[in-house]
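Please keep the sequence and the model in view while reading.

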There are 2 protein chains.
Amino acid sequence: MDRSLHDRLTVIDGLQYSNWDRGLFEELRAGGLSAVHVTLAYWEDARATLRLIGDWHRRFEQHGDLIVPARSADDVVAAKASGRTAIIFGFQNCSPIEEDLSLVQIFHELGVRIMQLTYNNQSVLGGGCSEAADSGLPRFGREVIAEMNRVGMVIDLSHSGERTTLEAIAASGRPVAISHADPLFLHENVRNKSGRVLRALAESGGMLGFSLYPLHIGPGCTLERFCAAEARTAEMIGVEHLGFGTDTVRNWPDPVLDWMRHGRWTRGTGPAPRWPDWPDWFRTPADFPNLTEGLLAVGFGEADVARIMGGNWLDFFRRSFAPA
Amino acid sequence: MDRSLHDRLTVIDGLQYSNWDRGLFEELRAGGLSAVHVTLAYWEDARATLRLIGDWHRRFEQHGDLIVPARSADDVVAAKASGRTAIIFGFQNCSPIEEDLSLVQIFHELGVRIMQLTYNNQSVLGGGCSEAADSGLPRFGREVIAEMNRVGMVIDLSHSGERTTLEAIAASGRPVAISHADPLFLHENVRNKSGRVLRALAESGGMLGFSLYPLHIGPGCTLERFCAAEARTAEMIGVEHLGFGTDTVRNWPDPVLDWMRHGRWTRGTGPAPRWPDWPDWFRTPADFPNLTEGLLAVGFGEADVARIMGGNWLDFFRRSFAPA
């Protein structure tokens with residue numbers, strides 16, 4: 001394929017969680033990625049999260065030719081200009097802030113720019129997508145949303161229940177994100193989002209990062225089918241709200257999936273989970289150019305491809321990462 | 001007295017630890033203070049220290065007309081220009097970094113600019129001034145000094161033993177501070193410093209903050225005697241290395257002194273300690289203008305008074321707070 005278009009684009013991945021090493025950073029470069037939102041924590045408390053931040057500081061020192069920390073849209077632009085990939089910190093759960101409102105600003109000062117209110121389960125901030133009942137936003141949840149709005153930390157609702165998602169969109173004074181999920185019409189999965197959610201998200205100025213995770217796109221999903229779902233979503237809510245959040249998880253053994261799903265909150269629920277197989281058109285982030293090609297093939301023009309591949313995320317970061 | 005000289009000066013206090021409230025911030029303004037290095041932690045671990053930082057974030061919001069956070073010399077200059085007092089974070093011990101080198105950069109990112117290697121006792125970084133034997137710098141101490149040098153965090157040796165102090169001065173690639181102590185010739189006290197230490201400190205480009213703590217200046221010390229000791233020290237090591245670090249401790253009940261001295265490392269050593277009485281010429285930071293007057297009275301010229309009252313600290317901050 002001709003990569004010249006892809007290589008000109010600002011390409012952003014709205015979520016990855018990998019067992020990082022130099023090979024994976026080279027993979028990001030091979031995919032032409034300008035920025036990746038990386039997950040630091042699922043169930044870790046504040047202290048354990050500081051250690052994970054310290055691990056990243058070492059990676060920035062050791063692999064400064066490939067990656068650079070990013071706290072703003074300008075940092076992403078500078079990373080692309082220098083041929084490196086910007087790394088944006090995020091949490092997939094609110095465990096790191098424990099029950100202390102002050103930790104929102106403290107983690108923002110340490111570079112954290114995105115946080116999910118919940119990870120599948122009920123949290124102190126809201127209801128999770130895997131719960132039978134959804135509490136909506138409790139008192140602390142409303143306080144944390146206001147604080148995230150104040151300091152400039154994006155509210156991510158990828159793993160939240162529908163009621164909590166809709167209430168959070170309404171409660172937030174700034175646009176929110178669903179960093180990694182797909183429309184329910186692509187595949188019926190507890191993690192995918194209804195038309196009602198997608199419309200509310202777009203009306204508030206928010207962003208949807210299309211997920212490539214096999215359980216979200218469904219078995220046998222082709223690149224064409226996947227990109228056609230983007231085209232249909234663009235018609236529904238507008239192309240300016242679309243991006244990618246591939247949910248890439250590289251180099252982890254199966255027990256890490258068990259940790260992600262079950263943390264320390266349960267002894268487990270049946271056989272140990274195993275990582276799913278990825279589609280042959282997106283096995284790793286090095287395959288990002290296939291997404292550019294796929295979007296062109298379903299009829300998106302170059303300007304819209306540029307938006308979906310990263311331009312929309314970049315605009316969103318510019319509006320979202322600084323104090324109100 | 002005529003305050004016109006004092007009010008023109010950049011006045012900096014190299015150390016205070018108080019139970020902060022609005023009244024104390026007004027006291028700083030009454031004393032004409034442009035900046036104060038405030039102690040956050042003695043024996044607190046990383047998580048407890050995050051809470052103390054969060055407490056300061058609330059104070060900055062609630063009393064933004066009186067105080068402002070400072071991470072650089074420029075922040076101090078801006079604070080003075082806006083008629084507010086700049087607050088610089090520091091630790092009197094290394095407990096907040098636990099045994100994790102990464103926490104040096106993490107706390108620097110959160111605004112911490114000064115850290116003591118030890119607080120009276122042996123620490124994992126070095127020997128304390130109250131120990132019978134001084135380990136000097138252990139392996140981790142040398143690592144932390146290099147890391148503090150790298151990120152721009154000042155090594156403070158006020159409560160360290162003499163061997164550790166001399167070894168740290170030699171090991172550090174950047175000038176260090178003794179933020180709050182007096183020359184041993186002013187008063188024999190375990191916390192005061194020998195001529196050997198003062199000369200080594202000055203030769204390395206470091207700073208001595210003269211302490212007003214009653215146990216450091218000795219019983220019945222007059223303003224004249226105190227300022228004469230500054231004059232003698234200026235002759236010994238040069239006026240450019242001198243400032244104040246009053247060791248002001250306001251509004252704490254006696255049990256807090258017990259916490260400072262004994263933390264949780266002992267059941268105590270005899271009767272509970274009580275706060276000493278302060279000299280009538282320096283009861284609170286509102287009395288800072290008396291120090292300007294006292295320095296003039298023992299013969300310092302206005303330029304040297306400006307240096308000692310804060311100009312030297314400001315220059316030192318400019319050289320010390322940014323990454324190497």
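With 23 C-beta neighbours inside 10 Å, B:Asn120 counts as buried, where buried stands for 20 or more other C-beta atoms within 10 Å of a residue's own, exposed for 12 or fewer, and partly exposed for the range in between, with C-beta atoms placed from the backbone. This is a predicted model, in which local features need pLDDT of at least 70 and side-chain atom pairs count only at pLDDT 80 or more, while totals for chains, interfaces and linings use all residues. Residues are numbered from 1 along each chain as its sequence is written, and chains are lettered from A and ligands numbered from 1 in the order in which they are written.

**Loop residues**

B:Asn120 lies in the loop that joins β5 and α6 of chain B; helices (H or I, at least four residues) and strands (E, at least two) are DSSP runs numbered from the N terminus. Its phi is near 70°, which is a positive value in a residue other than glycine. B:Asn251 likewise has a positive phi, of about 70°, although it is not a glycine, and its place is the loop between β9 (242-244) and α11 (254-262) of chain B. B:Asn251 has 12 C-beta neighbours inside 10 Å and therefore counts as exposed.

B:Leu117 is found in the loop between β5 (112-116) and α6 (139-151) of chain B, and this residue is buried, with 30 other C-beta atoms within 10 Å. Leaving aside neighbours within four places in sequence, B:Leu117 is in contact (C-beta atoms, placed from the backbone, within 7 Å) with residues including B:Cys94, B:Ser123, B:Leu125, B:Ile155 and B:Ala168. In chain A, A:Leu110 is found in the loop between α5 and β5 and is buried as well, with 21 other C-beta atoms within 10 Å.

The table gives sequence and spatial separations for two pairs.

| Pair | Separation in sequence | C-alpha to C-alpha distance |
|---|---|---|
| B:Leu117 and B:Pro219 | 102 residues | 29 Å |
| A:Leu110 and A:Leu50 | 60 residues | 9.0 Å |

**Helix α5 and the partner chain**

Helix α5 (residues 102-109) of chain A is mostly covered, since six of its eight residues are buried, namely A:Leu103, A:Val104, A:Gln105, A:Ile106, A:Phe107 and A:His108. These buried residues pack against α3 (46-62), β5 (112-116) and α6 (139-151) of chain A, together with α3 (46-62) of chain B. The helix α5(A) is followed by A:Gly111, whose phi is positive, near 105°.

The contact between the chains takes 14 residues from chain A and 14 residues from chain B. On the side of chain A that touches chain B, the elements that give two or more residues are α3 and α5 of chain A, and the largest share, seven residues, comes from α3(A). By class, the residues on that side divide into six nonpolar, four polar and four charged, where Ala, Val, Leu, Ile, Met, Phe, Trp, Tyr, Cys and Pro count as nonpolar, Asp, Glu, Lys and Arg as charged, and the others, Gly among them, as polar.

A rotation of 180° with 0.0 Å of shift along its axis superposes chain A on chain B, with an RMSD of 0.0 Å, the superposition being by least squares on the C-alpha atoms of residues with pLDDT of at least 70 in both copies. The two copies are thus related as by a two-fold rotation axis. The same surface serves both copies, as 100% of the contact residues of chain A recur in chain B. Of the residues of chain A, A:Arg47 comes closest to the rotation axis, at 2.9 Å (C-alpha).

**Chain A as a whole**

The secondary structure of chain A comes to 13 helices and nine strands, and buried residues make up 49% of its 324 residues. The C-alpha atoms of chain A fill a box of roughly 50 × 45 × 45 Å, taken along the principal axes. Among the contacts in chain A with a separation of 6 or more, 71% are between residues 24 or more positions apart.

Terms used
Contact = placed C-beta atoms within 7 Å.
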